[in-house]
Amino acid sequence: MAGTGIFADIYDEHTSVYKYYSDGAWNVSSSGKSVPIINPTTRKTQYKVQACTQQEVNKVMESSKVAQKLWAKTPLWKRAEMLHKAAAILKENKAPIAECLVKEIAKPVKDAVTEVVRSGDLVSYTGEEGVRILGEGKFLTSDSFPGNERSKYCLVSKVPLGVVLAIPPFNYPVNLAVSKIAPALIAGNSLVLKPPTQGAVAALHMVHCFHLAGFPKGLISCITGKGSEIGDFLTMHPGVNCISFTGGDTGIAISKKAGMVPLQMELGGKDACIVLEDADLDLVAANIIKGGFSYSGQRCTAVKVVLVMDSVADTLVEKVNAKVSKLTVGPPEENFDITPVVSESSANFIEGLVMDAKQKGATFCQEYKRDGNLIWPLLLDNVKPEMRIAWEEPFGPVLPVIRINTVEQGIHHCNASNFGLQGCVFTRDINKAILIGDAMETGTVQINSAPARGPDHFPFQGLKDSGIGSQGVTNSILMMTKIKSTVINLPTPSYTMG
(Lines give C-alpha, C1' and ligand atoms only; values in the text may rest on other atoms or scores of the structure.)
Protein backbone atom coordinates (compact mmCIF):
# COMPACT_ATOMS: atom_id res chain seq x y z
CA MET A 1 0.00 0.00 0.00
CA ALA A 2 0.97 3.62 -0.51
CA GLY A 3 2.97 5.18 2.32
CA THR A 4 3.74 1.84 3.98
CA GLY A 5 6.49 -0.79 3.90
CA ILE A 6 9.57 0.60 2.17
CA PHE A 7 7.64 3.85 1.63
CA ALA A 8 6.89 4.40 5.34
CA ASP A 9 9.56 7.11 5.62
CA ILE A 10 7.76 9.44 3.23
CA TYR A 11 4.60 9.63 5.34
CA ASP A 12 4.11 11.51 8.62
CA GLU A 13 1.70 9.39 10.66
CA HIS A 14 1.17 12.11 13.28
CA THR A 15 -0.26 14.62 10.80
CA SER A 16 -1.31 12.22 8.00
CA VAL A 17 0.66 14.35 5.54
CA TYR A 18 3.27 13.14 3.05
CA LYS A 19 6.73 14.65 3.51
CA TYR A 20 8.87 16.48 0.97
CA TYR A 21 12.36 15.35 -0.03
CA SER A 22 15.51 17.43 0.37
CA ASP A 23 19.17 16.88 1.25
CA GLY A 24 18.72 13.11 1.10
CA ALA A 25 15.96 12.97 3.74
CA TRP A 26 12.17 13.15 4.08
CA ASN A 27 11.10 16.31 5.89
CA VAL A 28 8.10 18.12 7.35
CA SER A 29 7.68 21.73 6.27
CA SER A 30 8.20 24.48 8.83
CA SER A 31 5.00 26.10 7.48
CA GLY A 32 2.87 23.66 9.44
CA LYS A 33 0.48 23.72 6.47
CA SER A 34 -0.52 21.13 3.92
CA VAL A 35 -2.12 20.97 0.48
CA PRO A 36 -5.07 18.60 0.04
CA ILE A 37 -5.26 16.24 -2.94
CA ILE A 38 -8.83 15.56 -4.01
CA ASN A 39 -9.75 12.12 -5.33
CA PRO A 40 -11.50 12.83 -8.69
CA THR A 41 -13.86 9.89 -8.20
CA THR A 42 -15.03 10.49 -4.62
CA ARG A 43 -14.39 14.27 -4.73
CA LYS A 44 -13.07 13.98 -1.18
CA THR A 45 -9.58 14.58 0.19
CA GLN A 46 -7.48 11.49 -0.49
CA TYR A 47 -3.98 12.65 0.52
CA LYS A 48 -2.19 15.70 1.88
CA VAL A 49 1.30 16.97 1.01
CA GLN A 50 3.57 19.56 2.59
CA ALA A 51 3.07 23.25 1.77
CA CYS A 52 6.76 24.15 1.48
CA THR A 53 8.02 27.68 2.07
CA GLN A 54 10.26 29.94 0.02
CA GLN A 55 12.97 29.51 2.67
CA GLU A 56 12.84 25.75 2.14
CA VAL A 57 13.13 26.30 -1.60
CA ASN A 58 16.28 28.37 -0.96
CA LYS A 59 17.80 25.57 1.13
CA VAL A 60 17.00 23.03 -1.59
CA MET A 61 18.69 25.18 -4.22
CA GLU A 62 21.81 25.57 -2.06
CA SER A 63 22.16 21.83 -1.43
CA SER A 64 21.40 21.09 -5.10
CA LYS A 65 24.24 23.34 -6.23
CA VAL A 66 26.74 21.68 -3.88
CA ALA A 67 25.62 18.15 -4.78
CA GLN A 68 25.81 18.88 -8.51
CA LYS A 69 29.49 19.83 -8.36
CA LEU A 70 30.32 16.47 -6.78
CA TRP A 71 28.00 14.50 -9.06
CA ALA A 72 29.61 16.01 -12.17
CA LYS A 73 32.83 14.26 -11.09
CA THR A 74 31.09 10.87 -10.97
CA PRO A 75 32.05 8.60 -13.91
CA LEU A 76 29.40 8.12 -16.58
CA TRP A 77 29.26 4.35 -16.05
CA LYS A 78 28.54 4.90 -12.36
CA ARG A 79 25.73 7.38 -13.08
CA ALA A 80 24.19 4.87 -15.48
CA GLU A 81 24.58 2.03 -12.96
CA MET A 82 22.62 4.02 -10.37
CA LEU A 83 19.89 4.84 -12.89
CA HIS A 84 19.51 1.12 -13.68
CA LYS A 85 19.19 0.42 -9.96
CA ALA A 86 16.51 3.10 -9.53
CA ALA A 87 14.63 1.73 -12.54
CA ALA A 88 14.59 -1.77 -11.05
CA ILE A 89 13.27 -0.50 -7.70
CA LEU A 90 10.63 1.55 -9.49
CA LYS A 91 9.35 -1.45 -11.44
CA GLU A 92 9.45 -3.72 -8.37
CA ASN A 93 7.13 -1.28 -6.59
CA LYS A 94 4.71 -0.61 -9.42
CA ALA A 95 1.65 -1.63 -7.37
CA PRO A 96 1.75 1.02 -4.60
CA ILE A 97 2.74 3.77 -7.06
CA ALA A 98 -0.06 2.75 -9.43
CA GLU A 99 -2.46 2.85 -6.46
CA CYS A 100 -1.60 6.52 -5.99
CA LEU A 101 -2.24 7.26 -9.66
CA VAL A 102 -5.65 5.61 -9.44
CA LYS A 103 -6.67 7.66 -6.40
CA GLU A 104 -5.04 10.98 -7.35
CA ILE A 105 -5.81 11.29 -11.04
CA ALA A 106 -8.43 8.55 -11.64
CA LYS A 107 -6.18 6.65 -14.04
CA PRO A 108 -7.48 3.09 -14.67
CA VAL A 109 -5.44 0.47 -12.80
CA LYS A 110 -4.03 -1.21 -15.90
CA ASP A 111 -2.91 2.13 -17.34
CA ALA A 112 -1.43 3.22 -14.01
CA VAL A 113 0.69 0.07 -13.78
CA THR A 114 1.77 0.54 -17.40
CA GLU A 115 2.89 4.10 -16.65
CA VAL A 116 5.16 2.95 -13.82
CA VAL A 117 6.70 0.09 -15.80
CA ARG A 118 7.20 2.37 -18.81
CA SER A 119 8.91 4.87 -16.52
CA GLY A 120 11.37 2.26 -15.27
CA ASP A 121 12.18 1.30 -18.85
CA LEU A 122 12.71 4.97 -19.72
CA VAL A 123 15.15 5.44 -16.83
CA SER A 124 17.19 2.39 -17.88
CA TYR A 125 17.22 3.39 -21.54
CA THR A 126 18.40 6.88 -20.59
CA GLY A 127 21.30 5.43 -18.64
CA GLU A 128 22.39 3.37 -21.65
CA GLU A 129 21.92 6.20 -24.15
CA GLY A 130 23.69 8.70 -21.93
CA VAL A 131 26.82 6.58 -21.71
CA ARG A 132 26.94 6.42 -25.50
CA ILE A 133 26.28 10.03 -26.48
CA LEU A 134 28.05 11.73 -23.56
CA GLY A 135 31.04 9.44 -23.87
CA GLU A 136 31.81 10.88 -27.29
CA GLY A 137 33.32 14.27 -27.98
CA LYS A 138 34.57 16.05 -31.07
CA PHE A 139 38.06 16.85 -32.35
CA LEU A 140 38.56 19.75 -34.76
CA THR A 141 41.66 21.06 -36.48
CA SER A 142 42.15 24.68 -37.48
CA ASP A 143 43.34 24.06 -41.05
CA SER A 144 39.86 23.02 -42.20
CA PHE A 145 38.90 26.72 -42.25
CA PRO A 146 40.40 28.88 -45.04
CA GLY A 147 43.52 30.88 -44.15
CA ASN A 148 44.59 28.66 -41.24
CA GLU A 149 47.48 26.28 -40.72
CA ARG A 150 47.10 23.21 -38.50
CA SER A 151 48.25 25.01 -35.37
CA LYS A 152 45.15 24.64 -33.21
CA TYR A 153 43.39 21.52 -31.94
CA CYS A 154 39.88 21.94 -30.54
CA LEU A 155 38.45 19.35 -28.12
CA VAL A 156 34.66 19.66 -27.86
CA SER A 157 32.81 18.06 -24.94
CA LYS A 158 29.35 18.17 -23.35
CA VAL A 159 29.14 19.47 -19.78
CA PRO A 160 26.18 19.76 -17.35
CA LEU A 161 24.07 22.90 -17.03
CA GLY A 162 23.85 22.75 -13.22
CA VAL A 163 20.50 22.64 -11.40
CA VAL A 164 17.52 21.47 -13.50
CA LEU A 165 13.99 22.35 -12.38
CA ALA A 166 11.47 19.73 -13.56
CA ILE A 167 7.72 20.42 -13.55
CA PRO A 168 5.59 17.52 -14.90
CA PRO A 169 1.78 17.56 -15.47
CA PHE A 170 -0.98 15.71 -13.63
CA ASN A 171 -1.79 13.24 -16.41
CA TYR A 172 1.61 11.47 -16.35
CA PRO A 173 3.12 12.58 -13.03
CA VAL A 174 5.55 9.64 -12.89
CA ASN A 175 6.47 9.10 -16.54
CA LEU A 176 6.81 12.78 -17.42
CA ALA A 177 8.82 13.31 -14.23
CA VAL A 178 11.39 10.59 -14.95
CA SER A 179 11.61 11.77 -18.58
CA LYS A 180 13.18 14.91 -17.07
CA ILE A 181 14.95 13.40 -14.05
CA ALA A 182 16.91 10.65 -15.81
CA PRO A 183 18.38 12.82 -18.62
CA ALA A 184 19.32 15.51 -16.08
CA LEU A 185 21.13 13.02 -13.85
CA ILE A 186 23.00 11.09 -16.55
CA ALA A 187 24.22 14.44 -17.92
CA GLY A 188 25.71 15.37 -14.52
CA ASN A 189 23.06 17.81 -13.32
CA SER A 190 21.20 17.94 -10.03
CA LEU A 191 17.41 17.89 -10.14
CA VAL A 192 14.65 19.75 -8.30
CA LEU A 193 11.19 18.29 -8.91
CA LYS A 194 8.00 20.30 -8.40
CA PRO A 195 5.26 17.73 -8.98
CA PRO A 196 1.67 18.67 -9.86
CA THR A 197 -0.72 18.73 -6.90
CA GLN A 198 -2.81 15.93 -8.46
CA GLY A 199 -0.15 13.25 -8.82
CA ALA A 200 2.21 14.57 -6.14
CA VAL A 201 2.01 11.48 -3.93
CA ALA A 202 2.76 9.15 -6.83
CA ALA A 203 5.74 11.38 -7.65
CA LEU A 204 6.96 11.27 -4.02
CA HIS A 205 6.86 7.46 -4.11
CA MET A 206 8.83 7.53 -7.36
CA VAL A 207 11.45 9.86 -5.86
CA HIS A 208 11.86 7.46 -2.94
CA CYS A 209 12.90 4.77 -5.44
CA PHE A 210 15.79 7.04 -6.47
CA HIS A 211 16.57 7.59 -2.77
CA LEU A 212 16.69 3.82 -2.19
CA ALA A 213 19.02 3.46 -5.18
CA GLY A 214 21.60 5.46 -3.23
CA PHE A 215 21.91 8.73 -5.12
CA PRO A 216 23.97 11.32 -3.20
CA LYS A 217 22.10 13.57 -0.80
CA GLY A 218 21.04 16.91 -2.25
CA LEU A 219 21.26 15.65 -5.82
CA ILE A 220 17.51 15.04 -6.12
CA SER A 221 14.90 17.12 -4.33
CA CYS A 222 11.10 17.10 -4.44
CA ILE A 223 9.29 20.26 -3.33
CA THR A 224 5.50 20.25 -2.87
CA GLY A 225 3.30 23.23 -2.20
CA LYS A 226 0.94 25.80 -3.60
CA GLY A 227 1.86 27.27 -6.95
CA SER A 228 0.66 30.67 -5.77
CA GLU A 229 3.26 30.62 -2.96
CA ILE A 230 6.31 28.91 -4.48
CA GLY A 231 5.58 28.60 -8.21
CA ASP A 232 7.09 31.86 -9.46
CA PHE A 233 9.71 31.72 -6.71
CA LEU A 234 10.93 28.38 -8.08
CA THR A 235 10.85 29.23 -11.79
CA MET A 236 12.54 32.61 -11.28
CA HIS A 237 15.06 31.39 -8.70
CA PRO A 238 18.64 32.44 -9.55
CA GLY A 239 19.86 28.96 -8.61
CA VAL A 240 17.96 27.33 -11.49
CA ASN A 241 20.04 26.68 -14.62
CA CYS A 242 17.41 24.91 -16.75
CA ILE A 243 13.62 24.44 -16.69
CA SER A 244 11.82 21.44 -18.17
CA PHE A 245 8.06 21.97 -18.01
CA THR A 246 5.08 20.02 -19.30
CA GLY A 247 1.62 21.51 -18.85
CA GLY A 248 -0.58 24.27 -20.16
CA ASP A 249 -0.72 28.05 -20.39
CA THR A 250 1.41 28.40 -17.26
CA GLY A 251 4.39 27.48 -19.41
CA ILE A 252 3.97 30.62 -21.53
CA ALA A 253 4.08 32.75 -18.39
CA ILE A 254 7.19 30.88 -17.20
CA SER A 255 8.91 31.43 -20.55
CA LYS A 256 8.37 35.19 -20.27
CA LYS A 257 9.91 35.31 -16.79
CA ALA A 258 12.74 32.81 -17.17
CA GLY A 259 15.26 35.18 -18.72
CA MET A 260 18.45 33.47 -19.95
CA VAL A 261 17.60 30.04 -18.53
CA PRO A 262 17.38 27.25 -21.17
CA LEU A 263 13.80 25.99 -21.55
CA GLN A 264 12.24 22.70 -22.60
CA MET A 265 8.46 22.99 -22.78
CA GLU A 266 5.45 21.04 -24.00
CA LEU A 267 2.25 23.01 -23.55
CA GLY A 268 -0.57 21.00 -25.08
CA GLY A 269 -2.15 20.58 -28.47
CA LYS A 270 -5.27 20.52 -30.61
CA ASP A 271 -4.17 17.48 -32.56
CA ALA A 272 -6.05 17.20 -35.85
CA CYS A 273 -6.97 13.94 -37.56
CA ILE A 274 -7.35 14.42 -41.33
CA VAL A 275 -9.29 11.59 -43.01
CA LEU A 276 -9.17 11.24 -46.80
CA GLU A 277 -11.75 9.49 -49.00
CA ASP A 278 -9.53 6.46 -49.62
CA ALA A 279 -8.77 5.84 -45.94
CA ASP A 280 -9.41 2.50 -44.23
CA LEU A 281 -12.38 3.71 -42.17
CA ASP A 282 -12.29 0.76 -39.76
CA LEU A 283 -8.67 1.62 -38.98
CA VAL A 284 -9.60 5.30 -38.62
CA ALA A 285 -12.48 4.54 -36.25
CA ALA A 286 -10.32 2.33 -34.05
CA ASN A 287 -7.64 5.03 -33.85
CA ILE A 288 -10.16 7.77 -33.12
CA ILE A 289 -11.41 5.75 -30.15
CA LYS A 290 -7.87 5.03 -28.95
CA GLY A 291 -6.61 8.52 -29.69
CA GLY A 292 -9.63 10.51 -28.58
CA PHE A 293 -10.95 8.64 -25.56
CA SER A 294 -8.12 6.77 -23.83
CA TYR A 295 -7.62 8.14 -20.31
CA SER A 296 -10.83 10.09 -20.92
CA GLY A 297 -9.11 12.30 -23.50
CA GLN A 298 -6.74 13.79 -20.90
CA ARG A 299 -3.63 13.54 -23.04
CA CYS A 300 -1.69 16.24 -24.87
CA THR A 301 -1.47 13.91 -27.86
CA ALA A 302 -5.14 12.92 -27.87
CA VAL A 303 -7.07 13.34 -31.11
CA LYS A 304 -8.78 16.69 -30.46
CA VAL A 305 -10.56 17.31 -33.77
CA VAL A 306 -11.51 15.04 -36.71
CA LEU A 307 -11.39 16.67 -40.16
CA VAL A 308 -13.07 14.19 -42.49
CA MET A 309 -13.94 14.42 -46.18
CA ASP A 310 -17.69 14.88 -46.43
CA SER A 311 -18.15 11.98 -48.84
CA VAL A 312 -17.08 9.44 -46.19
CA ALA A 313 -18.14 11.36 -43.07
CA ASP A 314 -21.47 9.57 -42.55
CA THR A 315 -19.83 6.15 -42.72
CA LEU A 316 -16.99 7.14 -40.39
CA VAL A 317 -19.28 8.75 -37.82
CA GLU A 318 -21.46 5.61 -37.84
CA LYS A 319 -18.41 3.39 -37.22
CA VAL A 320 -17.08 5.63 -34.44
CA ASN A 321 -20.49 5.81 -32.77
CA ALA A 322 -20.72 2.02 -32.75
CA LYS A 323 -17.41 1.89 -30.87
CA VAL A 324 -18.31 4.75 -28.51
CA SER A 325 -21.41 2.82 -27.44
CA LYS A 326 -19.15 -0.02 -26.27
CA LEU A 327 -16.93 2.17 -24.06
CA THR A 328 -17.47 1.42 -20.38
CA VAL A 329 -17.87 4.28 -17.89
CA GLY A 330 -17.07 4.20 -14.18
CA PRO A 331 -14.41 4.31 -11.45
CA PRO A 332 -10.73 3.69 -12.28
CA GLU A 333 -10.37 0.91 -9.70
CA GLU A 334 -12.49 -1.31 -11.95
CA ASN A 335 -10.59 -0.51 -15.16
CA PHE A 336 -13.45 1.23 -16.92
CA ASP A 337 -12.58 2.85 -20.26
CA ILE A 338 -13.88 6.27 -19.27
CA THR A 339 -13.10 7.46 -15.74
CA PRO A 340 -13.66 10.81 -13.98
CA VAL A 341 -11.70 13.80 -15.26
CA VAL A 342 -9.15 15.19 -12.85
CA SER A 343 -11.16 17.97 -11.16
CA GLU A 344 -14.51 19.72 -10.94
CA SER A 345 -13.08 22.80 -12.63
CA SER A 346 -11.94 20.63 -15.55
CA ALA A 347 -15.38 19.03 -15.81
CA ASN A 348 -17.01 22.47 -15.73
CA PHE A 349 -14.72 23.70 -18.53
CA ILE A 350 -15.56 20.69 -20.70
CA GLU A 351 -19.26 21.24 -20.06
CA GLY A 352 -18.88 24.85 -21.13
CA LEU A 353 -17.46 23.74 -24.49
CA VAL A 354 -20.29 21.22 -24.92
CA MET A 355 -23.01 23.78 -24.14
CA ASP A 356 -21.44 26.27 -26.57
CA ALA A 357 -21.49 23.63 -29.32
CA LYS A 358 -25.11 22.77 -28.52
CA GLN A 359 -26.17 26.41 -28.65
CA LYS A 360 -24.47 26.85 -32.04
CA GLY A 361 -26.03 23.78 -33.67
CA ALA A 362 -23.65 20.84 -33.38
CA THR A 363 -25.12 17.37 -33.82
CA PHE A 364 -24.94 15.34 -30.59
CA CYS A 365 -24.28 11.70 -31.49
CA GLN A 366 -24.89 10.73 -27.84
CA GLU A 367 -26.81 12.40 -25.05
CA TYR A 368 -24.56 14.62 -22.94
CA LYS A 369 -24.32 13.02 -19.51
CA ARG A 370 -22.33 14.04 -16.44
CA ASP A 371 -22.19 12.83 -12.84
CA GLY A 372 -19.76 14.88 -10.76
CA ASN A 373 -16.39 14.65 -12.48
CA LEU A 374 -17.51 11.71 -14.62
CA ILE A 375 -18.42 12.70 -18.17
CA TRP A 376 -19.74 10.11 -20.60
CA PRO A 377 -17.98 9.90 -24.01
CA LEU A 378 -19.47 12.25 -26.57
CA LEU A 379 -18.97 12.65 -30.32
CA LEU A 380 -20.06 15.99 -31.76
CA ASP A 381 -20.78 15.96 -35.50
CA ASN A 382 -21.23 18.91 -37.88
CA VAL A 383 -19.04 21.14 -35.74
CA LYS A 384 -18.42 24.58 -37.27
CA PRO A 385 -15.38 26.87 -36.94
CA GLU A 386 -17.34 29.37 -34.85
CA MET A 387 -17.71 26.82 -32.05
CA ARG A 388 -15.18 26.92 -29.21
CA ILE A 389 -14.72 23.13 -29.32
CA ALA A 390 -13.28 23.51 -32.84
CA TRP A 391 -10.25 25.33 -31.41
CA GLU A 392 -9.98 24.85 -27.66
CA GLU A 393 -8.45 21.81 -25.99
CA PRO A 394 -11.17 20.10 -23.90
CA PHE A 395 -8.89 17.59 -22.13
CA GLY A 396 -11.87 15.33 -21.71
CA PRO A 397 -13.92 12.61 -23.49
CA VAL A 398 -15.55 14.95 -26.01
CA LEU A 399 -14.50 14.88 -29.65
CA PRO A 400 -15.62 17.25 -32.45
CA VAL A 401 -16.03 16.19 -36.08
CA ILE A 402 -15.68 18.83 -38.80
CA ARG A 403 -16.72 17.87 -42.33
CA ILE A 404 -14.47 19.18 -45.11
CA ASN A 405 -14.78 19.27 -48.91
CA THR A 406 -11.08 19.54 -49.76
CA VAL A 407 -7.80 18.45 -48.25
CA GLU A 408 -6.76 22.12 -48.26
CA GLN A 409 -9.64 22.89 -45.89
CA GLY A 410 -8.32 20.33 -43.42
CA ILE A 411 -4.75 21.60 -43.62
CA HIS A 412 -5.96 25.19 -43.20
CA HIS A 413 -7.93 24.34 -40.05
CA CYS A 414 -4.99 22.46 -38.59
CA ASN A 415 -2.58 25.31 -39.28
CA ALA A 416 -4.96 28.05 -38.12
CA SER A 417 -4.70 26.70 -34.57
CA ASN A 418 -2.35 28.39 -32.13
CA PHE A 419 -1.22 24.86 -31.22
CA GLY A 420 1.12 22.67 -33.24
CA LEU A 421 1.95 19.54 -31.27
CA GLN A 422 0.96 16.56 -33.41
CA GLY A 423 -1.46 15.63 -36.16
CA CYS A 424 -2.37 12.56 -38.14
CA VAL A 425 -3.38 11.67 -41.71
CA PHE A 426 -5.33 8.62 -42.82
CA THR A 427 -5.02 7.57 -46.46
CA ARG A 428 -3.89 4.57 -48.50
CA ASP A 429 -1.81 6.90 -50.72
CA ILE A 430 1.61 7.37 -49.11
CA ASN A 431 2.47 10.18 -51.52
CA LYS A 432 -0.58 12.18 -50.43
CA ALA A 433 0.22 11.41 -46.79
CA ILE A 434 3.75 12.79 -47.11
CA LEU A 435 2.59 15.95 -48.91
CA ILE A 436 -0.15 16.63 -46.36
CA GLY A 437 2.17 15.84 -43.47
CA ASP A 438 4.74 18.29 -44.80
CA ALA A 439 2.07 20.99 -45.02
CA MET A 440 0.83 20.47 -41.44
CA GLU A 441 2.43 22.87 -38.98
CA THR A 442 2.99 20.36 -36.19
CA GLY A 443 6.00 18.92 -34.38
CA THR A 444 5.05 15.36 -35.39
CA VAL A 445 2.74 13.90 -38.03
CA GLN A 446 1.49 10.34 -37.65
CA ILE A 447 0.51 8.49 -40.83
CA ASN A 448 -2.35 6.02 -40.43
CA SER A 449 -2.20 6.10 -36.63
CA ALA A 450 -3.41 8.32 -33.82
CA PRO A 451 -0.97 10.84 -32.29
CA ALA A 452 1.29 9.46 -29.56
CA ARG A 453 4.25 10.60 -27.49
CA GLY A 454 6.05 7.28 -27.45
CA PRO A 455 8.15 5.33 -27.80
CA ASP A 456 9.98 7.53 -25.33
CA HIS A 457 13.21 7.69 -27.36
CA PHE A 458 11.43 9.29 -30.34
CA PRO A 459 11.78 13.09 -30.65
CA PHE A 460 8.74 14.87 -29.20
CA GLN A 461 8.21 18.56 -29.82
CA GLY A 462 5.60 21.17 -30.64
CA LEU A 463 5.42 24.25 -32.79
CA LYS A 464 3.81 27.61 -31.95
CA ASP A 465 2.12 27.61 -28.51
CA SER A 466 2.69 23.87 -28.13
CA GLY A 467 6.21 24.24 -26.86
CA ILE A 468 9.88 25.11 -26.96
CA GLY A 469 12.66 22.68 -27.81
CA SER A 470 12.42 18.93 -28.24
CA GLN A 471 12.02 15.99 -25.86
CA GLY A 472 12.75 12.29 -26.23
CA VAL A 473 15.66 10.61 -24.44
CA THR A 474 18.52 11.79 -26.67
CA ASN A 475 17.20 15.31 -27.20
CA SER A 476 16.56 15.76 -23.48
CA ILE A 477 20.09 14.68 -22.58
CA LEU A 478 21.58 17.06 -25.13
CA MET A 479 19.29 19.88 -24.03
CA MET A 480 20.48 19.49 -20.45
CA THR A 481 24.12 19.92 -21.41
CA LYS A 482 26.15 22.68 -22.99
CA ILE A 483 29.18 22.62 -25.25
CA LYS A 484 32.63 23.34 -23.88
CA SER A 485 35.66 23.79 -26.11
CA THR A 486 39.28 23.34 -25.11
CA VAL A 487 41.73 24.71 -27.70
CA ILE A 488 45.34 23.50 -27.78
CA ASN A 489 47.60 26.06 -29.44
CA LEU A 490 50.73 24.61 -31.00
CA PRO A 491 53.93 26.66 -31.34
CA THR A 492 54.22 25.63 -34.99
CA PRO A 493 51.81 23.98 -37.45
CA SER A 494 51.79 20.19 -37.21
CA TYR A 495 50.52 17.73 -39.81
CA THR A 496 50.13 13.99 -39.30
CA MET A 497 52.05 12.23 -42.05
CA GLY A 498 50.47 8.79 -41.67
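Q: What percentage of the 498 residues of the protein chain count as buried?

A: This is a predicted model, in which local features need pLDDT of at least 70 and side-chain atom pairs count only at pLDDT 80 or more, while totals for chains, interfaces and linings use all residues. Residues are numbered from 1 along each chain as its sequence is written, and side-chain values use heavy atoms, leaving out hydrogens and water. Buried means under 20% relative accessible area with a 1.4 Å probe, protein chains only. Here 56% of the 498 residues count as buried.

Q: How many helices and strands does the protein chain have?

A: Both are DSSP runs, numbered from the N terminus: helices are H or I with at least four residues, strands E with at least two. The protein chain has 14 helices and 28 strands. The radius of gyration, taken over C-alpha atoms, is 24 Å, close to the 23 Å of the globule rule (2.2 Å times the number of residues to the power 0.38), so the chain is as compact as a globular protein of that length.

Q: In which order do the seven strands of the open sheet stand?

A: Strands of a sheet pair through backbone hydrogen bonds, either parallel or antiparallel. Two strands count as paired if DSSP finds at least two bridges between them. The order here is β16-β19-β20-β15-β14-β22-β23, with mixed pairing. β16 (363–364) and β23 (444–447) are at the edges with a single partner strand each, so one side of each lacks a neighbour in the sheet.

Q: How many bridges join β22 to β23?

A: Four bridges join β22 (residues 422–426) to β23, and the two run parallel. One of the residues involved is V425, whose bridge partner in β23 is I447.

Definitions and conventions:
Buried means under 20% relative accessible area, exposed over 50%, partly exposed in between (1.4 Å probe, protein chains only).
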